[in-house]
Amino acid sequence: MSWIFEGIDRKDEERKYSDWELIKRSIKRIAPYKRPMVISSITMVVATFTSLLTPLIFANIIDTLQNPQSTEIFFWILLAGGISYLFLSVLSWVNDYIINIQSAKFVPDFMVNLRGDIFSALQEQDMKFFDKHRSGRLNSRVSSDASDYGVAVSIVMTIVGHFLVLIFIFIILALINLPLALISAMVIPVLLVMSFLFRKIARITSMSFRRAHASVNSSMAESVNGIQVSKSFGVETEVLNEFKEVNERHFIAGFRRNVSMGMFFPFVDLLSAIGTMVILGFGGQAAISGIGIITAGTLYVFLSYLARFFFPITQLVNFYAQLQAGFAGYERILQVIDAEPEVQDLGNIEIDQIKGQIEFRNVNFEYVSDAPVLKDFSLTVPPGEKLAIVGHTGAGKTSIIALLARFYEFQGGKILIDEIPIRNIKLKSYRKHLGMVLQTPFLFNGTIEENIAYGRKDASDEDLQRALKISRVDEILEYLKDGLQTQVGEGGCLLSTGQRQLVSFARALLADPRILILDEATSSVDAYTESMIQESLEQLMRGRTSIVIAHRLSTVKNADRIIVLDQGKIIEEGTHEGLLRQGGEYANLYNTYFKHQEVAWVPEEMPQQVVIESTPPP
Amino acid sequence: MSHNVIGLQKTQKSFIRWFSGHLTANPLVIGSVVIGTLIVIFSRLLIPIVLGKAIDMAIIDKDDLLSPTDQLSLLRDFVLFLLVLGVVRFFIAVLTTFANDWLSWTAQKRIREEFFNSMQNKPLKFHDSVRTGELMALATNDLGQVGGLISPGFGMIADVFISIIFSALLVIGVLNSPELLILSIPFFIAYLWAVFSFNQKMAPISHTFMRKWSAIATAVQDNITGAEVVRAFAEESYERQKFMKYVLDFRGAWYRQQILQARYFPTLILFAAIGFSVLAGSFLIMFDRLTIGGLISYNGLLISLMVPTYVISFAIQIFNAGLAGARRIHEMEVREEGEENGQGDKEFPGISGIIRFKDVSFKYPTSRKPVLDKINLAVAPGQTIAIVGPTGSGKSSLTNLLLRLYDYEGEITIDGINIKEYSLESLRKSFGRIEQDIYLFPRSIRENIIFGARNASDVDVKQVARLAQAHDFIMKLPKRYDTYVGEGGSQLSGGQRQRVALARTFLTNPSILIFDDSTSSVDSRTEEKIVKAINTVIQGRTTFVITHRLSTIRQADCVIVLKGGKIVAKGHHSKLILTSPDYRRIFGKNVELPPLEVSRTSITPTFGGS
Ligand SMILES: Nc1ncnc2c1ncn2[C@@H]1O[C@H](COP(=O)(O)OP(=O)(O)OP(=O)(O)O)[C@@H](O)[C@H]1O
Ligand SMILES: Nc1ncnc2c1ncn2[C@@H]1O[C@H](COP(=O)(O)OP(=O)(O)OP(=O)(O)O)[C@@H](O)[C@H]1O
Ligand SMILES: [Mg+2]
Ligand SMILES: [Mg+2]
């Protein structure tokens, strides 16, 4: 069976959990559902008794009928027997009903809590976590891994019943014939060993299947998100071929898992056939040669009970395999739940009001080790200042604000907000004071209004109108069919890029933040609209700390202070005029920029092209 | 109304054809699975019979025909027969499981591939309206249910049917009491009705169940892709609330399913029938209308129906879930016609002539006014044309049409031939477009650059990276060209992303280039370098440039100004700057412009192809 393990790669960085740990944590999860568990277990006991009682009553009725009397009392006895049989039969259904209802109360609720916990764990993670894990894969942990685990847990409720049945039937078998009962019980250790071996197969194949499943998920997400690119390049065929590989791996993993789990039943069947055979052989021999007190009748009864004996065993062993499959999912779930975010919300300082002073003190920061982005970075922004950060692409501008927003944890130094170390401040209370327009504007699927109100859902209509006006969203609304109620599509794909930026701008403004951060907030917007926004923003920014990042230097000219960043270091700082006078990097950038934007400028390397008249002769 | 019904019937028919086509794709394997399943089921039914025979003939030996030694050897034969039966059954069962799983998983694989391909071929209009999470759920969860329908679903259903028919035949054959038979008819009818109505109720629940499941997947996907925004606005608890709504909704569907499962009446009816048969039977015996043996066997047979009846409920659930999944997948596949149906079969020969827009109008399904309104435009080969205009004026949309990403009214021709006559792949491969919102695939930088030309050599990759001003920064990254860029390229800076996308397009060596605001995220010095590079690349290629930057516009042979879906001005920069107020507006207030020449502002909004 070695092929089952072929090509199964265990990712080393994934945390592994021992069975014991998984069981312990599962028990903790199930513990709150004591009530349905207890009720259904008690019902199971009742059900077992009922099912053992009915044949007895039936036998009694038969016995009574064997020597019929035509007395009235006989009639009543028969009636009583018949009715109680009927009653017990219906009771069996009621038992089933109760057990099912209890599981209806338990499993869906259990899943709600489980999914809620995974989701909450995801909300606690910082951006580094999302850099490491693709959305499609994470998604499968909340959806299908959780389902698998849920299935396993839902079977837990039935094991008590199976145990009881097993024990009762063994007692009956032993009462009929002890030696034969002991011989039949010999299958149990064999099955135990088998299920122990099976455990590993079930777990490993399930794990690799869960992983393949996640890959399909993330390939699907990737191809859908990049559909426009694939189409523009006309490479759908190539993309399909790549998907075929992922699909093939999924096929192999899934087939392997199902086959190896499905093989178990024929095995148990074979074992039970051998058990029956052994009993028939031994018992028959004893009966024929008259050794012991085995009669043919005993043997017959014994054999018919033996069939019932195997059923709960199969179920129990199968449960174990299912549990292992579920544990594969649970292990992946725990990897998310237990993942320690680097940015921990351990701070206990709530800040209701802030002045808006920001200080970076000798901050060191890297995304991946040995590739420092900020080295010994220091910067103080007094409250109310309008600071601009400029610099080459990849200099670390976005990284600075990512640290400020606590998206990532920094490695050395200190960041202080109003002179309080940022790590000591409660994250939520702090972030509420930030308003950010991120470099890649992301909108949630929903209407424009929902998106703008995202950061402040109770904003008044007045505030909303003001935000719309400043960000010039009111102008784009004219183009859109449903105005503010226009759907923006997934990620905002139904809007033009500039419109998306404006909407995310309005969202930041409406949040009414003390600290406003604009990272290339208007880079895709035409210059006219941009300059209009700037004018109206002037007034709004007054009294607020703001950080503006822009490559279009016209945007930063009016800043109180401009810092020029190069490879994570501040190389120049000052006002626009000051820096220009200084004639350094900023002046260089500005001149290049402005030179190009000047109407009269003629590029040195104007390509020598024949200018073809754009209207060809008809 | 009647039209609707016909439509429904049509999709129903096409669904049945589609699904049965997938199910019967491997008739040989299906045949062996059926045979194997039958053998396994019958050999299981054989065991009690063999046991009975063994006890009757070898052990009890009523008529004393055999000596004890013969009895023993006969017993041995029986035991041996049981063993052989067990082993044979084991092997057949193993093979059947194998074949059945193979059937199920190949079907899943095939449908998934088909689904993926179908999604790839859908027009962008379709992708604008579906959710990623939903497609993910369809490709995994729904499809998984379809697989479950095949294995273990079919085996289960076969098992149940055979057992029930078998037992029913035995009841009729063995029972010699017409009274008991007549008495059980109402139960029988009720039983059938209960099974039927259980199935009826399960079908819609399965569908809802699946729909809500994908709502969860969609919600999670949204939350994860927007993780940065969620954190920036500290809206984690709101997000959780939103998510819990979907999860609770799903719980509702689940709960209903479980309650339906609990109120499973066929077993109640069977239990009642068993109890009633004992009650009535004993009185029938009392009045000598039935033998004790008759009652015992009747009772035994009814009890043997118990397990199959339980199994039916699961089989019905699996069956409906599989069907609902298949239906949802099929619905998605036929929801919008694939693009391949609208294409011609000509190979696009590369550009040689004029690109011409004739009265091209275009509207998104969701837009109020036409996004592009009767656009007329002609671009000579090798020309560079700049498209400018305020946000949302339709610049990107215009280039979308060139690539036939959306359908439009009017005609676009290249060298006099309507682009609809070309095959989509050859047409699109001749275009190189750098989209406005760069999407990089979650792979390495190298893999991203070679996305459009997979066989490119490392030398070529480096060369285009240099051209796009990307090589230097790539070499500074710890893993260089093997650096993983993150989802959508999130682990690169904005400008780095843009340059990788430039390199990606340069590598395909397209004959028509489209730059959609391709230097919006880089500093002016880098821009200058990129523009220089672009200028060498565009030599001899027809180029469309969408930009807000004057440096680029100035070099264009022709500038068109879009506003409100119309071309409001057209001509060279030096002319427009003096004549078009709309054009002048583009530069905002920070640029000093020469005075407007009022006398020459008479521009014709439509242009070309008169
Ligand atoms: N999530 C990340 N993981 C790893 N490296 C990253 C990540 N984000 C950015 N980097 C790297 O950090 C460096 C600084 O990036 P940053 O985004 O801060 O640049 P930037 O100054 O904002 O540039 P731009 O003007 O292009 O937006 C770059 O080299 C980039 O590749
Ligand atoms: N996929 C879409 N579905 C529906 N409407 C869309 C879609 N894409 C764009 N629009 C709408 O069509 C109009 C034109 O959009 P387009 O992207 O062409 O503008 P643009 O000129 O490129 O703007 P920008 O300068 O902001 O990129 C806008 O009003 C926009 O809201
Ligand atoms: Mg940046
Ligand atoms: Mg655009």
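**Figure 1. Salt bridge between B:Asp482 and B:Arg446 in a predicted model.** B:Asp482 lies in the loop between helix H16 (471-476) and helix H17 (494-507) of chain B and B:Arg446 in helix H14 of chain B, so the pair joins parts 36 residues apart in sequence. Helices (H or I, at least four residues) and strands (E, at least two) are DSSP runs, numbered from the N terminus. B:Asp482 is partly exposed at 45% relative accessible area, and B:Arg446 is partly exposed at 22%. Buried means under 20% relative accessible area, exposed over 50% and partly exposed in between (1.4 Å probe, protein chains only).

**Figure 2. Salt bridge between A:Asp145 and A:Arg332.** The closest N and O atoms are 2.7 Å apart. A:Asp145, in helix H5 (residues 135-176) of chain A, and A:Arg332, in helix H11 of chain A, are 187 residues apart. Both residues are buried, A:Asp145 at 0% relative accessibility and A:Arg332 at 1%.

**Figure 3. Magnesium ion (ligand 4) with B:Ser396 and B:Gln436.** The ion is coordinated by OG of B:Ser396 and OE1 of B:Gln436, at 1.9 to 2.1 Å. Donors are N, O and S atoms within 2.8 Å of the metal (3.2 Å for Na, K and Ca); water is not among the atoms, so the site may look incomplete. B:Ser396 lies in helix H12 (residues 395-402) of chain B and B:Gln436 in the loop between strand S6 (431-434) and helix H14 (445-449) of chain B, so the pair ties together parts 40 residues apart in sequence. B:Ser396 is partly exposed at 21% relative accessibility, whereas B:Gln436 is buried at 16%.

**Figure 4. Site of ligand 2.** Residues from chains A and B surround ligand 2, so the site is shared between chains. Of the 23 residues around ligand 2 (a heavy atom within 4 Å), those that come nearest include A:Ser496, A:Gln499 and B:Ser396. An oxygen atom of ligand 2 is 2.6 Å from a side-chain N or O atom of A:Gln499, and a nitrogen atom of ligand 2 is 2.8 Å from a side-chain N or O atom of B:Asp128.

**Notes.** Residues are numbered from 1 along each chain as its sequence is written, with chains lettered from A and ligands numbered from 1 in the order in which they are written. In this predicted model, local features need pLDDT of at least 70, side-chain atom pairs count only at pLDDT 80 or more, and totals for chains, interfaces and linings use all residues, while side-chain values use heavy atoms, leaving out hydrogens and water.

Methods
A polar contact is a pair of N or O atoms within 3.5 Å; within protein, one must be able to donate a hydrogen and the other to accept it, and residues adjacent in sequence count only if both atoms are side-chain atoms. A salt bridge is a side-chain nitrogen of Lys or Arg within 4 Å of a carboxyl oxygen of Asp or Glu.
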